[in-house]
Amino acid sequence: MTMAFDTILIANRGEIALRVIRTCKEMGIRTVAVHSTADKDSAHVRAADIAVQIGPGMPRKSYLSAPAVIEAALRTGADAVHPGYGFLSEDPDFAEICADNGLVFIGPPPQVLSRLGDKAVARALMTDAGLPVLPGSPGTVDSAAEATDLAGRIGFPLIIKAAAGGGGRGMTVVRQQSELLPAYRQTRATAQAVFGDNRVYLERFCDSARHIEVQVLADGHGTVLHLGERDCSVQRRHQKLIEESPGPGLHKELTAAMARAAVRGARAVGYTGAGTFEFLVHDEGFSFMEMNCRIQVEHPVTEAVFGVDLVREQIRVAAGESLGFCQEDLAPRGAAVECRVNAEDPARNFAPCPGTLEEFVPPGGPFVRVDTHGYAGWRVPSQYDSLLAKVITWAPQRDQALDRMDRALAEFRIAGPGVHTTIPLLREVIADPVFRDGKHDTSFLDTRP
């Protein structure tokens, strides 16, 4: 096969940059890493064919600087840009600037990103496509009076969400009327500070729900496929800690209905590339939450059960190729679990713990995958997300995959002055009977004794 791309610039850092570089190498594609001064010794910089320093440690002056990334791409002769997740991955302006400079953005078209990146618009689009949504505002809520009126109709508890939100930020749960307006003002202020956009919308909040998402792949020739579901219900502060596929304890009829809904939604908006539909599963069935227009942190569990390299398919689709398989070819096998090892201290409300890694020995053994950029001697910088490694295990049965995960986490040796990780908490969760029985929901961590 002759690949359309000779050189791809990876506009990201950390484990996802390294993961994309590895697939590019397997495809015979030259890679360009961009990095900040804080990441000059990072593993992705060492792994790429070319490395370009694009700014200081502050993200908005490096990884979020579209001009710096574009200049690096043009200077190194890149054909395409893979944005990874976070940073510029869902920025429609960045995708458009790439196109204006003759670079292929490996992701959906800018106009699709623009519509789905606005969570309020995405909710309206999926409603029109026939996907179930929770009761909420039809669009953004732009005044306190409108918020009060809508809250009366939606009822409590409800959640206020930033229209431009993501990564678990810009969300506030409101349980009673007296909390509404302070929460409304605070969420708008947070949204403005974090996303540069203070628009918010309202939605009913479900205390006991499962967070289930469906992976889709779509090419530019009309093919839209799903690759099953992932359960992402173990969360702290609306951010995921453990993900698995398939979702334990879910009826096949329910997961099949969610998969059909995801494919229908992707078709309705002309989606191409890899994307994820996030749903809440609750007593009344399931409801669409949002769509993520990029590769997900937790994509390895889907790769493990379906045997598909999702990054490779992203690159092929961006090059104009058709997906090389059909829905009937996609048969899940076994169970896969991913644990996020963060440089955080759970005992101090998950406070980040940057520092130098004096010891860093990842686990091994059969059916264990570790995606990480860490190594002994590397300093975990304070400017970025605390994700240090993802441990993924696979087995024919879920219990075996969890036993394998516990063994792998026990083997993982990480040490350094002031460095703490989520490993002890992850092992406690894996041993918890509620989680073992697949009866957990998104309130699981908050309600554990």
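Where does Pro157 lie? In this predicted model, Pro157 is found in the loop that runs between H7 and S6. The peptide bond that joins Phe156 to Pro157 is cis, with omega at about 0°. Pro246 belongs to the loop between strand S11 (239-245) and H9.

Two phenylalanines also have backbone angles worth a look. Phe87 is not a glycine, yet its phi is positive, at about 45°. This residue sits in the loop connecting strand S4 (80-82) with helix H4 (92-100). With a relative accessibility of 29%, Phe87 counts as partly exposed. Phe350, also a residue other than glycine, has a positive phi near 60°. The loop between strand S15 (344-345) and strand S16 (351-352) is where Phe350 lies. Phe350 is buried, its relative accessible area being 12%.

Helix packing comes next. Two packed helices are described by the angle between their axes and the distance between the axes. For H1 and helix H11 (residues 310-318), the axes come within 9 Å and cross at roughly 65°. H1 and H11 are therefore roughly perpendicular to each other. The crossing in which H1 passes H11 is right-handed. On the H1 side, the residues that meet H11 are Arg19, Val20, Thr23 and Cys24, and their partners in H11 are Leu310, Val311, Arg312 and Ile315. Sorted by class, this contact of H1 with H11 comprises five nonpolar residues, one polar residue and two charged residues.

The other helix pair is formed by helix H7 (residues 144-154) and helix H8 (residues 177-195), which pack at an angle of about 145° with their axes 10 Å apart. Here too the crossing is right-handed, as H7 passes H8. Ala144, Ala147, Thr148 and Ala151 are the H7 residues in this contact, and they meet Gln177, Leu180, Leu181 and Tyr184 of H8. By class, the contact of H7 with H8 holds six nonpolar and two polar residues, with no charged residues. An α-helix has 3.6 residues a turn, so residues three or four places apart point the same way.

Helix H1 (residues 14-26) also carries Glu15. Leaving aside residues up to four places away in sequence, Glu15 touches Tyr85, Asp371, Thr372, His373, Leu387 and Lys390.

Arg210 is placed in strand S9 (residues 210-218). Once residues up to four places away in sequence are set aside, the residues touched by Arg210 include Asp231, Ser233, Gly247, Pro248, Leu250 and Phe279. Also among them are Leu280, Val281, Gly438, His440, Asp441 and Thr442.

The buried residues in H6 are Lys119, Ala120, Ala122, Arg123, Leu125 and Met126. What do the buried residues of H6 pack against? Their helical partners are helix H5 (110-117) and helix H9 (252-268). The strands they pack against are strand S6 (158-166), strand S8 (200-204), strand S12 (273-282) and strand S13 (285-292). At the start of H6, the backbone nitrogen of Ala120 is reached to within 3.0 Å by a side-chain oxygen of Asp118. Just after H6, Gly130 adopts a positive phi of about 90°.

Technical notes:
Residues are numbered from 1 along each chain as its sequence is written. This is a predicted model: local features need pLDDT of at least 70, side-chain atom pairs count only at pLDDT 80 or more; totals for chains, interfaces and linings use all residues. Side-chain values use heavy atoms; hydrogens and water are left out. Helices (H or I, at least four residues) and strands (E, at least two) are DSSP runs, numbered from the N terminus. Contact means heavy atoms within 4.5 Å. Axes are lines fitted to C-alpha atoms, for helices over the stretch in contact, and angles run from 0 to 180 degrees between N-to-C directions. Angles under 35 degrees count as roughly parallel, over 145 as roughly antiparallel, 65 to 115 as roughly perpendicular and the rest as oblique. A crossing is left-handed if the near helix is turned anticlockwise from the far one by less than a right angle, and right-handed if clockwise. Ala, Val, Leu, Ile, Met, Phe, Trp, Tyr, Cys and Pro count as nonpolar, Asp, Glu, Lys and Arg as charged, and the others, Gly among them, as polar. Buried means under 20% relative accessible area, exposed over 50%, partly exposed in between (1.4 Å probe, protein chains only). A polar contact is a pair of N or O atoms within 3.5 Å; within protein, one must be able to donate a hydrogen and the other to accept it, and residues adjacent in sequence count only if both atoms are side-chain atoms.
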